[in-house]
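Reader: Hi, I've got this one open on my screen. Can you walk me through it?

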Amino acid sequence: MYSFKDPTPILLYTPKELMEKIVKRIEKERLRQNITQKELAKKTGIPSATYRNFVYKKQISLINFIKILKKLRMEDALKLLVDTPMEEEIAEAIEILKNKKERKRARKK
């Protein structure tokens, strides 16, 4: 989400910088909820070492990242990636009806 505190467009960040911002935000929420790193790891079912790697080395699998977001009740952060706007769903349905089949692959023109 855009923040007035940091007006830098997201495209200008390196992946590492983005990961640092993500970790900082998650750690801030974890502390706000007064949960230790060890407790959070246990509640999500991931090893403590995995959580520490996320915090200090900025490395984590997508599945473990999702577990952390859900446990901290931050799953809204995934909404933009998962939810399809209604207009897009309608357009896809119309396209499928026109072509009589759903596209499974892309083709070069």
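Reader: Okay, which helix holds Ile90?

Author: Ile90 sits in helix H6, residues 86-99. Helices here are DSSP runs (H or I, at least four residues), numbered from the N terminus. Before we go on, this is a predicted model: local features need pLDDT of at least 70 and side-chain atom pairs count only at pLDDT 80 or more, while totals for chains, interfaces and linings use all residues. Residues are numbered from 1 along each chain as its sequence is written, and side-chain values use heavy atoms, with hydrogens and water left out.

Reader: Is Ile90 buried, exposed or partly exposed?

Author: Ile90 is partly exposed, at a relative accessible area of 45%. Buried means under 20% relative accessible area, exposed means over 50%, and partly exposed is in between (1.4 Å probe, protein chains only).

Reader: New topic. What span should H1 have, and how far apart are its end C-alpha atoms?

Author: Helix H1 covers residues 15-32, and at 1.5 Å a residue its 18 residues should span 26 Å; the end C-alpha atoms are 26 Å apart, which agrees. The expected span is 1.5 Å times one less than the number of residues.

Reader: Which residues of H1 are buried?

Author: Met19, Val23, Ile26, Glu27, Glu29 and Arg30. They cover an arc of only 160° around the axis, which puts them on the same side of H1. That arc is taken from the directions from the helix axis to the C-beta atoms. On the other side of H1, Lys24, Lys28, Leu31 and Arg32 are exposed.

Reader: And what do the buried ones pack against?

Author: Helices H2 (37-44), H3 (48-57) and H4 (62-71). Contact means heavy atoms within 4.5 Å.

Reader: How many salt bridges are there?

Author: Three, by the rule used here: a side-chain nitrogen of Lys or Arg within 4 Å of a carboxyl oxygen of Asp or Glu. Glu29 pairs with Arg25, the closest N and O atoms being 3.7 Å apart. Glu29 also meets Arg32 at 2.7 Å, N to O. The remaining pair is Glu27 with Arg30, with closest N and O atoms 2.7 Å apart.

Reader: How far along the helix are Glu29 and Arg25 from each other?

Author: They are four residues apart in helix H1, about one helical turn. An α-helix has 3.6 residues a turn, so residues three or four places apart point the same way.

Reader: Last one: which residues are buried in H4?

Author: Asn64, Phe65, Ile68 and Leu69. They cover an arc of only 140° around the axis, which puts them on the same side of H4. Ile63 and Lys70 are exposed on the other side. The buried residues of H4 pack against H1, H2 and H3.

Notes: Helices (H or I, at least four residues) and strands (E, at least two) are DSSP runs, numbered from the N terminus.
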